[in-house]
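Please have your viewer ready.

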Amino acid sequence: MNMHNKNGRARKLALMTALLLATGQASVVAQATDTQPLLIRDAMVFDGTGRAAYPANVLVEEGKIAAIGTDVVAPKGARVVNARGQALLPGLLDLHTHWTPNAVPSALPLVANLYMAAGVTTVSDFHEPPEAYAPRREWLASIAAPEVKFAARMSTPLGHGADWGDENTTRWVNSPASARAGVQAVAAYKPDFIKAFTDGWRYSNAADNSSMDEETLTALVDEAHKFGLKVFTHTVMVKRGKSAARAGVDVIAHSVQDGPVDAELIELMRTHGTAYAPSLAVYLPERVDGSGRANGKPDVLRQREQNFANALGNVKALHDAGIPVVVGTDAGMTGTPHGTSTLRELELLVQAGLTADEALIAGTAHSAKALGVDDRGTIEVGKRADLLLVKGEPWARISDIRNTQQVYVAGRQVHGKGAVLPAGNRATALPALPVAALVDDFERDNGRTALDTLRIDEADGGNDRTVQVTEVVARETGGKALATQAKLSSKESAFAAAILPLSRGSVAPVDARAYRGVRFELRGSSPELRLEVRALNNRRFTAPLQAQAQWHTVEIPFSALQGQPPYRAKAPIAEWKGNDLQQLVFSAGGEPGGKVWFEIDNVTFY
């Protein structure tokens, strides 16, 4: 990193720290960025290179491994950690997680804490829309956290990952030309890699989604590689695995589980350098958290058991054939908690037939190479000092990996005795931002609101999905408005919605307590029209709207908003706070299969 970039990061961190300190959410941030030399003495080092564990001292300076050996001594002013009787390993990587608001916990710092406690120092997050990268990266820079890599999501129309989100969340592509255009669009947000949902099979437990054809995927991979972006795929069938490998994808990020892998797939993966992240933890029939068997339907459970048996067998077959097996868990999904699922994945790799030391290498050196982060994954001079100390010999007993004592990210201790973290690591949200009265007058032509946030479409999900078009249109009296038109799906709960985020990526909440309500102009034709205000922790507040063919001004006092139960959760009805708002949502519903439309303009707080 050149000095200009280093100073820029320092200034940005100082600004974020000042904001957190001003709101009481940060303390002793300097402790988390301490560059004091560190000597870990008398450790049994498992370096991830394939070498057997050996005794050594390891010196860390400026976040990197400076020296390794039995004769390495501590320089003046260094902190010394006595590691006698403990194993020193490279920090673990988890290449497949979802930092979703529907998981528990969901707050970014609390999720980060779980990974650090498990010794996971690099994490790939498949869940965020591109608009959320920048604010989440700034948030992560202000606390102690593993390094988080963000995936740009691409799928086919109605494909897995696109059956619930709009194109600002998951880009839809269905031809080589659209794939190249999609990569170019998401590359502007500087993702760390691309996740392509290429396989629509839903494990025989739900209706299939659409799948991506090989020509489209090949173009997607080729264009991504031009931008230096690796491509991970959601691929769960043998035949789709062959297409993925022929297309040149870097990592298959799910288990192939509809049958055993064959010689053709193995050779294709070997030829094209495709690694394999089986995500066994999410497929475990009883789930990592113990759920799944008691409440599962017998036929679904039988299918899961068969899928899992195939998944275990295919891990062993691919590993034995020399295909790099790496660690990814799908954590954040149902029954697959953050942090502990990574450790369970290592144990499941051993259950599949890898030795304990092979599983550790899968979770360190192989995963780092697959992700393209060559500065970590092994304990070698010059590498980033992502390290964990554990009691025991995990290269002989993989379960010892759960005996974590201390964890270091780039040389900074983030877990264990002696660790002092910023108070921001206990925060459940960023400090609320002030919000201007004008949310949007739709005069911009770039899809962004007057708050400079990106508007989002939303509709009921699934294969039978509402089709909608939302665009800025000219008003007869001058100026512009936002128009939504939709053909509803056949579901009773069908709807179409336009979302106005109140902060970039809806990451930071805003404080609207200086206002009394929301005012806007409206016209439309829909028997079920409403305003919804969304707040932190899936809290929702709604008010019905009266549809009229002519423009009219509507004022909704905050006191008229009715709290709703959290989405997909059992909890009390939400109570209004006003300082935790994230989005304004305008939605329309009606008879299944019917058509609805509405237009809005001059949305303000008053």
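## A helix and its length

Helix α10 covers residues 298–320, and its 23 residues should span 33 Å at 1.5 Å a residue, which agrees with the 33 Å between its end C-alpha atoms. The expected span is 1.5 Å times one less than the number of residues. Helices (H or I, at least four residues) and strands (E, at least two) are DSSP runs, numbered from the N terminus. This is a predicted model, where local features need pLDDT of at least 70 and side-chain atom pairs count only at pLDDT 80 or more, while totals for chains, interfaces and linings use all residues. Residues are numbered from 1 along each chain as its sequence is written, and side-chain values use heavy atoms, leaving out hydrogens and water.

Which residues of α10 are buried? They are Leu301, Arg304, Asn307, Phe308, Asn310, Ala311, Leu312, Asn314, Val315, Leu318 and His319. Buried means under 20% relative accessible area, exposed over 50%, and partly exposed in between (1.4 Å probe, protein chains only). The buried residues of α10 pack against several elements, including α8 (263–272), α11 (340–352) and α12 (356–371). Just after α10 comes Gly322, with a positive phi of about 90°.

## Aromatic pairs

You can find eleven aromatic pairs in the structure. Rings of Phe, Tyr and Trp (its six-membered ring) pair if their centres lie within 6.5 Å; planes under 30 degrees apart count as stacked, over 60 as edge-to-face and the rest as tilted. One of the pairs is Phe193 with Phe232, tilted at 40° between the planes and 4.5 Å centre to centre. This pair links distant parts of the chain, 39 residues apart: Phe193 belongs to strand β10 (residues 193–197) and Phe232 to strand β11 (residues 230–234). Both Phe193 and Phe232 are buried.

Elsewhere, ring pairs join Tyr515, Phe541, Phe558, Trp576 and Phe605 into a cluster.

## Charges over rings

Lys195 has its charged end over the ring of Phe197, 4.2 Å from the centre. Arg51 lies over the face of Tyr54, 3.7 Å from the ring centre. A charge sits over a ring if NZ of Lys or CZ of Arg is within 6 Å of the ring centre and within 35 degrees of the ring normal.

## Around Glu147

Glu147 is found in strand β8 (residues 147–155). Why is Glu147 classed as partly exposed? Its relative accessible area is 23%. Leaving aside neighbours within four places in sequence, Glu147 is in contact (heavy atoms within 4.5 Å) with Thr121, Thr122, Val123, Arg376 and Arg384.
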